[in-house]
Amino acid sequence: MRVAALFRRLLSCRYTGAAALMLASLLVLAAVRFWPRPPLSAYAPSSTAVFDDKDRLLRLTLASDDQYRLWTPLAEVSPQLVQALLLHEDRHFYWHLGVNPAALVRAASATYSGGVRQGGSTITMQLARLIWHLNTRTPLGKLEQMFRALELELEYSKREILEAHINLLPYGGNIQGAGAASLIYFGKTADRLSLTESLSLTLIPQSPLRRTPAGREPESLRVARQRLFEDWLQDHPESATQRAAVALPLRYRGLAALPFEAPHLTDTLLQSPHAGTASLHSTLNLETQRLLQRRVQQYVARQRRLGINNASAMLIDTRTMAVKALVGSADFFDDAIEGQVNGTAAKRSPGSALKPFIYGLAMDQGLIHPLSVLKDSPTAFGPFSPENFDGRFAGPITAHDALIRSRNIPAVSLASKLASPSLYQFLQNAGVSRMASEQHYGLALALGGGEVTMEELVTLYAALANHGHLRPLRYRADEPASAGAAVLSDEASWLVLNMLSDNPRPDDALLHGSTRLPVAWKTGTSWGFRDAWSVGVFGPYVLAVWVGNFDGSSNPAFVGVQAAAPLFFDIVDAVLAQQPNLSAPLRSTPVGLARVDVCAASGDLPNVDCPQRATTWFIPGKSPIRVSQVHRRIYIDVRTGRQACPPYDPATTRSEVYEFWPSDLARLFAQAGIPRRSPPPSGDCNLGSDVAGVSPNITSPLSGATYTLRSESAASGNVVPLQANADGDARVLYWFVDDGYAGSSAAGVALAWRPNQSGSHTVRVVDDHGRADEREIRVAVVR
């Protein structure tokens, strides 16, 4: 009994020790297996493939070791290729630990007995040879290969090993891996391979020098594929219907056929922080890209006689902010025009292309509505005296017409009144980069004094189509769409697009007909004729076109409406022809808009004497509300021809309606040869505070300005001009400085005032009807 008990005790200890040893071994194996280590993809650098929005290859780059090797996850490889590889290479891959002794013995017996040479290496052993570049022709090399295979099996999963093997298979030349081979040979990704193509890519690595296709398929590869197909049918009898297709020779592409599409956009993506990934899926559409590229090249070729040698264009979808086409230059490979420069990312002066946002801000800030009458007349804004492009002035002009006719004076005048935000602050909020200070630009910013990129410009115009919300551009398909931030109201954005859509095409309407979809567009010409722009919204797209030289050299032909607009509409027409079912996104009139009648001459609410009315859009609570005072009924004494004083005697008076224009506009009418009929002089009537009309408006000096003058009274120019515009019935303006009388002048005529001491002064003007205006200035008299 004692012996039996002792034996049981010893046996129990023996099993306990074995269990402990087994547990310890399992823990060690688990530690080795799950210890952090680099993925197998780290053993070989990867190429990068850039695709369009339909997974068509745009460019395949070389890896850093000059190999075409596109690391492709196993889930993105055709299951037929995986199964064919296991069938041909390693049927027992999932059952061995990296080395298959039976296969090694069989291979050695066949090789050294004089029979047909066979391979006994498992997929894991082959991977070990590829990773560590082993010489497996010697016994020591084969032993190291086996040891490395066991190491791989211990450290990585079967799935990781199989994925790495597929990505490192040699396919001839500097092509490695099924991902790169499928793109190069068949022009498709590895997940779209057919059975015939999968069988071929299984066989090429067995003899890459002999089986690498060069256009036509080698006969040896076709025969080997048919043999492998017979083996395939043993496990997949349902594939028997593909026997004829497998027997046909395949056509292969080569490295020379690799695409090099959209080079500027692919360069941008490859230089982005996401460039380290093997595949980059862009938002670009290849057909649209080729269309824009072709149109730009053809246009430049036609206009070369005018010195037009380069252009850029960009098309984005406002619904998703996806960049659908990007042409950075007319010819990427032309060094004469610096073709590899991406013009869409270059800072250029936009000219008048920013004016729509001035008008949008002005409507949001209650300065105008579309039919507000603005002044297009010679105007000085301090030291800045802008002129119109044509050197002429239109006089009174509606905001609608001033925008689509791109008049400079009204735009600068509105920009000078913008506040919170100003145009500068608006551009800053919109993300326009590398701007100098607001003082650096002044009001010249309204006419293109700053610089923007085409990317920034299309983003701004897309905000008009997106209800005033600014959203970032998307170049990659995996970039999330952003809701953006509001920079304009829905109402102002809608009104600006509505105004721009009335801008007529610059070409012959009878020849080209009207565009199928409305086009809300604007041009821009930079100072010195260095940049010509055309940008606009049609359907769901924003299109921008730039014509110029990357070196900034000027050309009188670089005028927006003449150089850029024809190319712009050429592309618009081509896109509409390419996409016949294209329609504009449904956008209803904002609920915050209303229709209102205004006096056509003044843009204000009509009074009883307004002879002609028009209807305009109006933003309740924002748009300016005042009754028009241009048309006024006056009573004339038939005996004197002067205005009669109340009460009016029907026997001696008659009434007529006259136009009372401010003095500056009346003078402009006269200079244009269309003088308005002046009302007769007023009688000696004491009307008190019941005088109609508008008060004078001081135009000089500027409010809050400091004037620095020399103390010598005789010094040339040592004066401050006092000038004001006045109502049409005002004849004389009386000027006062600090309650002291300074003199009188006619409306719009300057009076010279010579200050004799420094300090703050109140300048006041009163017309002959008692209406007044005043402002504060500061004078600094220096010796």
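Which residues of α14 meet which residues of α20? In this predicted model, local features need pLDDT of at least 70, side-chain atom pairs count only at pLDDT 80 or more, and totals for chains, interfaces and linings use all residues. Residues are numbered from 1 along each chain as its sequence is written, and side-chain values use heavy atoms, with hydrogens and water left out.

On the α14 side, the residues are Pro356, Tyr359, Gly360, Met363 and Asp364, and they meet Ala492, Leu495, Val496, Met499 and Leu500 of α20. Contact here means heavy atoms within 4.5 Å. By class, these residues divide into eight nonpolar, one polar and one charged. In this scheme Ala, Val, Leu, Ile, Met, Phe, Trp, Tyr, Cys and Pro count as nonpolar, Asp, Glu, Lys and Arg as charged, and the others, Gly among them, as polar. Helices (H or I, at least four residues) and strands (E, at least two) are DSSP runs, numbered from the N terminus.

Two packed helices are described by the angle between their axes and the distance between the axes. Helix α14 spans residues 355–364 and helix α20 spans residues 490–500; their axes lie 9 Å apart, at an angle of about 135°. Axes are lines fitted to C-alpha atoms, for helices over the stretch in contact, and angles run from 0 to 180 degrees between N-to-C directions. The helices α14 and α20 are therefore oblique to each other; angles under 35 degrees count as roughly parallel, over 145 as roughly antiparallel, 65 to 115 as roughly perpendicular and the rest as oblique. The crossing of α14 with α20 is right-handed, where a crossing is right-handed if the near helix is turned clockwise from the far one by less than a right angle, and left-handed if anticlockwise.

Helix α14 also packs against α16. The axes of these two helices come within 10 Å and cross at roughly 50°, which makes α14 oblique to α16. This crossing is left-handed. From α14, the contact draws on Lys355, Ile358, Tyr359 and Ala362, and from α16 on Asn408, Pro410, Ala411, Leu414 and Ala415. Sorted by class, the contact of α14 with α16 has seven nonpolar, one polar and one charged residues.

How much of α16 is covered? Eight of its ten residues are buried, where buried means under 20% relative accessible area, exposed over 50%, and partly exposed in between (1.4 Å probe, protein chains only). The buried residues of α16 are Asn408, Ile409, Pro410, Ala411, Val412, Ser413, Leu414 and Ala415. They pack against α14, β8 (373–376), β9 (395–398) and α15 (399–404).

The loop between α16 (408–417) and α17 (423–429) holds proline 421, and serine 420 lies in that loop too. The peptide bond from serine 420 to proline 421 is cis, with omega near 10°. Serine 420 has a phi near 50°, a positive value in a residue other than glycine, and is exposed, with a relative accessible area of 71%. A cis peptide bond also joins proline 646 and proline 647, with omega about -5°; proline 647 is placed in the loop between β17 (631–637) and β18 (653–659). Positive phi is found for aspartate 55 as well, near 60°. Aspartate 55 sits in the loop between β1 and β2 (57–60) and is partly exposed, at 39% relative accessible area.

Turning to aromatic residues, a search of the whole structure finds 19 aromatic pairs. Rings of Phe, Tyr and Trp (its six-membered ring) pair if their centres lie within 6.5 Å; planes under 30 degrees apart count as stacked, over 60 as edge-to-face and the rest as tilted. The rings of tyrosine 43 and tryptophan 132 have centres 6.0 Å apart and planes at 70°, so this pair is edge-to-face. The pair links distant parts of the chain, 89 residues apart: tyrosine 43 is in the loop between α1 (2–34) and β1 (49–51), and tryptophan 132 is in helix α4 (residues 123–132). Tyrosine 43 is partly exposed at 37% relative accessible area, and tryptophan 132 counts as partly exposed at 22%. Phenylalanine 332 and phenylalanine 333 also form an edge-to-face pair, 5.3 Å centre to centre with 85° between the planes. Phenylalanine 332 counts as buried at 9% relative accessibility, whereas phenylalanine 333 counts as exposed at 61%. Tyr185, Phe186 and Tyr252 form one aromatic cluster.
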